[in-house]
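Colleague: I'd like a close look at one part of this model, if you have a minute. Here is what I have open.

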Amino acid sequence: MILRHGAGVVFEYQRTPNPRKPYLRTLTTPAGINILRDAPVDHLHHHGLMFAVAVDGVTFWAESPEAGYQLDAGTVHAVLTANRENGKFRAEARLQQRLEWRNADRSQILILEDRELSWHALTSEDLPSDVGDFRLVLWKSQLELPAGKSQAVLSGSPYYGLGIRFIEQMDKTGQFFNAEGQTGVEGTNGKRSAWCAYRVEMAGKTITVAMLSHPDNLRHPATWFTMVQPFAYLSATLGLASEPFTLESGKPVSLSYGLVLWDTSPSAAAIQAVYEKVFCPLAPAKR
C-alpha cells in the first residue's frame, strides 16, 4: 500500500507478511529521500520500520524456523484530505490493520494487535522558527489477548520494539542525541528518554530523523537501542530484555510513536517543541 502526496511517495506499507511480518518499507523526508532499508544481506530479518517482540518465548523479530508470524486479519484504508481545524487546513491519511501474532506453525494466536499508521500534513505556524519543514508519521499498536487466554509474557533482546534499519548511506557517520541532551551511542543506547534522534550528512544534505514516544506509553519514557557501527539502527523499546511484561486478559496495552523527518538540522529544542505541541496532543496512546 503506497501513500502519495503531490508527486511523491510519503510511505509504502508492506501489508502482507514478507515473509513473517508486515512493516513500513519506505518512509521519505519532505524532499522525498527514503530512509528505510529492507532485508539487507547482513540481516535479512531487518525490514524498514518494524514492530516486534517475543511472546511466550516465541520471537517475532527473527525469521528462524521457530519464529512466529504476524498475520493480516483485516485492513481498512481511509484518506482524509479536506479537514479544517480552527480555520486551518489539515491533510491526513490513515491505515488500520488487525494482526494475529501466531506461533511458528500458525496453530495458536498468542496475542492480537490493532495497528494504525497515519500521516499528518501540519503547518509550523505555532512552532519556533527553527522547526522548519518536517514530515510526521505516527505508529500506534494496541496489544491484547485473544479470547480464552488469560495472560502472555512479552520479552526479548535489548533491541526488540519499534525499530528502524536505515539506508546504507546513513550508516557509520551519524550522531544520536536525545531529550536529555545525551549524545552518541554511548549517551543514548540503553538510556530512557521521551525521544531519540539521528542526524547524518548524506549526499550534500543533513537528514534528521526523530522517534518520539508518547507519555501514555507503557514504561514511558522509552528505553532506546542505538548503534552506528557496522550499520545504523534505532529502536524504541519497553525494556523487555531486563524486565519482561505480563499482558493480562481485559487489560490491553496501547503504544503510540511518532517519526519526524527533516532535510535539515533542527535543534533539540525544535524537536522538543514538535514533541510537546504537535505529537503529544495528536497521538495519545490510550483509546
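Which residues line the largest cavity?

Modeller: First, the ground rules: this is a predicted model, where local features need pLDDT of at least 70, side-chain atom pairs count only at pLDDT 80 or more, and totals for chains, interfaces and linings use all residues. Residues are numbered from 1 along each chain as its sequence is written, and side-chain values use heavy atoms, with hydrogens and water left out.

Now your spot. The largest cavity is lined by Ser 213, Asn 217, Leu 218, Arg 219, His 220, Pro 221, Ala 222, Thr 237, Leu 238 and Tyr 257. By cavity I mean a set of points, on a 1 Å grid over the protein atoms alone, where a 1.4 Å probe fits but cannot get out; lining residues have an atom within 4 Å of a point. The space inside comes to about 30 Å³, and the count is one cavity of 30 Å³ or more. That volume is the space filled by probe spheres set on the points, with grid points joined across faces, edges and corners.

Sorted by class, the lining has five nonpolar, four polar and one charged residues. Here Ala, Val, Leu, Ile, Met, Phe, Trp, Tyr, Cys and Pro count as nonpolar, Asp, Glu, Lys and Arg as charged, and the others, Gly among them, as polar.

Arg 219, one of the lining residues, also has a partner: its side chain meets that of Glu 243 in a salt bridge, 3.6 Å from N to O. The pair links distant parts of the chain, 24 residues apart: Glu 243 is in the loop between β18 (233-237) and β19, and Arg 219 in the loop between β16 (205-213) and β17 (222-227). A salt bridge here is a side-chain nitrogen of Lys or Arg within 4 Å of a carboxyl oxygen of Asp or Glu, and strands are DSSP runs (E, at least two residues), numbered from the N terminus. Side chains of opposite charge can pair when their charged atoms come close. Glu 243 counts as partly exposed, at 48% relative accessibility; buried would be under 20%, exposed over 50%, and partly exposed is in between (1.4 Å probe, protein chains only).

Strands pair if DSSP finds at least two bridges between them; β19 and β11 (residues 151-155) have four. Across that pairing, Gln 151 stands opposite Glu 248 in β19.

Terms used:
1 Å grid on protein atoms, 1.4 Å probe; cavity = no way out; pocket = protein on both sides within 12 Å on 5 of 7 lines; lining within 4 Å.
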